[in-house]
Amino acid sequence: MKVISPESYLFPGDEEAMEAINKIPQLSKVLAFISKNSIEKFYSIIFSSSYIKLTSANAPKLYHFYEEAAEAFGLDQLPEIYLRRGYQYKTDVVGIDNPMILINTSVLEDIPEEMLRVFLASDIAGIKAGHNKMNFIRLLCDNFADSLPIPKQVLTVPLLMWSKQKYYSYDRARMMYSHDKDMVLRLIGYGEAPPDIMERVTPDERIQQGMEFLEIDGVQSIAKSILTMSEAKPWNSMRVIEFNNWIESGMYKIGLEERI
Amino acid sequence: MINYHENGIKASDYEYSGDREALIALKKIPVIDKLLSAYLDFTIKSGMFVQVQQNCFRVTKETYPRVYELYQICLNRLNMKQEPSLYIDLNYEYNAYATGIGSPFIVVNSSMVDDCTDGELMALMGHELGHINSSHVLYHNLARNLMVLLTSHLKALAPLISTGTVFALFDWQRKSEYTADRAGMIAAGGLQPSVDLMLRLMGKGEVQKYVDLSLDTAMKQYQDFNISKDSFIGKFLYVTQTAAMGHPWSIQRIKALSDWSKTENYAGVVSEIQRLESAEG
């Protein structure tokens, strides 16, 4: 079985943004050098001193989830994984050549095991696709764009747009990994309501809600665009609709056939 | 009910050496004890304490029997002269603090009461009692006020002296946390609950289903931590990050507790507590 290639799950805007960055000569090397000698060292101290490092010895099942995902997405080296106390259902990835994954405790406490496997796989898909570099550029812009002789928004708005698009890629990667549309839809909404309520919300209901959101027009539509502009993550209804459209368009099946 | 023993253990029996020396030096500064403590006592009583009384539940035998019972054990093990009021604040974050000068009190967040084992909770409450027992509260506040003064008004006059003093105060504050950790360990009755508490604060949470954590794994991680700050850049980042921290890095606290648990000093404190406990039956 072939590995899941980034082409099969990357959202077009996400892929184009990364291609554009990769075309700038030497930029990748410069970014990797800066990352290696700044945040990778910095976070290595913070993470190893303040969070719990997960290994195959102390977290065998979890580590195995990541190993399985790494094999499926063709990632040769597994990143260092840390656990921190946090109530949001999220993970973070930092670093370029030596990435580190940080998992919030609530992810392990609340997300059922079969879903957790798929939830975590998107970290590996993101690393394989090269999101680390883009994340690092965003980090640099957030911290240093003010000191540049151009309006900050020239850099931050396109990067926020990219950031939203990477979540569309994550949803597709989860689908390529699990082949379970209902599960991916449930993961998008995870955290919107207590788990027992979320279990009762059907995928059709989620899609219907997304359609209603999509139908918002007029002045509200302008407000929608303005409100989402400053967000780094798309709203869940946007993700649901984008994901459903991708499945309905047949692109998922094409990607799957290419893989097998 | 507290059974205070005149000849029982005192804070000076377990205080971290750097902490004790700095405290002795601070106590020698004239006026501080009286003037500052009166000022802080007034501001805390009229501000923070009123808020806590309004928003938090006081722990009594009736309101939180489990916590109350554990708290009494902590008070006796640490041979506290007085019983600071204990409050529970409805809060998801893992945190607790001790404050107040003349009438000190402790606030523990509800998530800690919900999630911690009895031993972990005793280590936590013992830690806060340790701050009170060593008069840290007054000097923590002094440090905080001095920092504001030095970094704002006086910085223009003598920036180097101001910066140096601020970092020295942070350094002492970190040492005072080691003392409080030792008090927590004494209150909890051993090393394991204190280590478990630290691991919980680092992210252990309720994830035992997936993660098996122990002192051994923490010590392995301590080695990684040392490696990560071994290079030139690592050392630079470590020093600059640590300088302005009020608490030591968690992994260093576990190591410090583990080291102290093997000392004669700790053994002596434990045997004194055991002697008094067995005398009381």
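# Exercises on a predicted two-chain model

In this predicted model, the contact between the chains takes 23 residues from chain A and 28 residues from chain B.

**Exercise 1.** Determine which elements of chain A give two or more residues to the side that touches chain B, and which of them gives the largest share.

*Solution.* The elements of chain A that meet this condition are helix H3 (39-50), strand S1 (52-54), helix H4 (60-73), strand S2 (80-84) and helix H5 (105-110). H3(A) supplies the largest share, with 7 residues. By residue class, the side of chain A that touches chain B holds 10 nonpolar, 7 polar and 6 charged residues.

**Exercise 2.** State the strand order of the open sheet in chain B and identify the strands at its edges.

*Solution.* The open sheet of chain B has 4 strands in the order S1-S2-S4-S3, and its pairing is mixed. Strand S1 (57-58) and strand S3 (96-99) of chain B each have a single partner strand, so they stand at the edges with one side lacking a neighbour in the sheet. Within the sheet, strand S2 (residues 85-89) and strand S4 (residues 105-109) of chain B pair in the parallel sense over 5 bridges. B:Tyr87 is placed opposite B:Val107 of S4(B).

**Exercise 3.** Decide whether H11(B) is parallel or oblique to H13(B), and describe their contact.

*Solution.* The axes of helix H11 (residues 215-228) and helix H13 (residues 250-261) of chain B come within 9 Å and cross at roughly 120°. The two helices are therefore oblique to each other. Their crossing is left-handed. H11(B) contributes residues including B:Leu215 and B:Phe225, while H13(B) contributes B:Ile251, B:Ile254, B:Lys255 and B:Ser258. The contact of H11(B) with H13(B) comprises 7 nonpolar, 2 polar and 1 charged residues.

**Exercise 4.** Describe how H7(A) packs against H8(A).

*Solution.* Helix H7 (residues 131-144) and helix H8 (residues 153-178) of chain A pack at an angle of about 145°, their axes being 10 Å apart. The crossing of H7(A) and H8(A) is left-handed. Among the residues that make the contact are A:Met134 and A:Ile137 of H7(A), together with A:Leu159 and A:Trp162 of H8(A). The contact residues divide into 6 nonpolar, 3 polar and 2 charged.

Conventions
Residues numbered from 1 in each chain as written. Chains lettered and ligands numbered in written order. Predicted model: local features only at pLDDT ≥ 70, side-chain atom pairs only at ≥ 80, totals over all residues. Axes fitted to C-alpha atoms, helices over the stretch in contact; angles between N-to-C directions. Parallel < 35°, antiparallel > 145°, perpendicular 65-115°, else oblique. Left-handed = near helix turned anticlockwise from the far one by under 90°. Contact = placed C-beta atoms within 7 Å. Nonpolar A, V, L, I, M, F, W, Y, C, P; charged D, E, K, R; others polar. Pairing = 2+ DSSP bridges.
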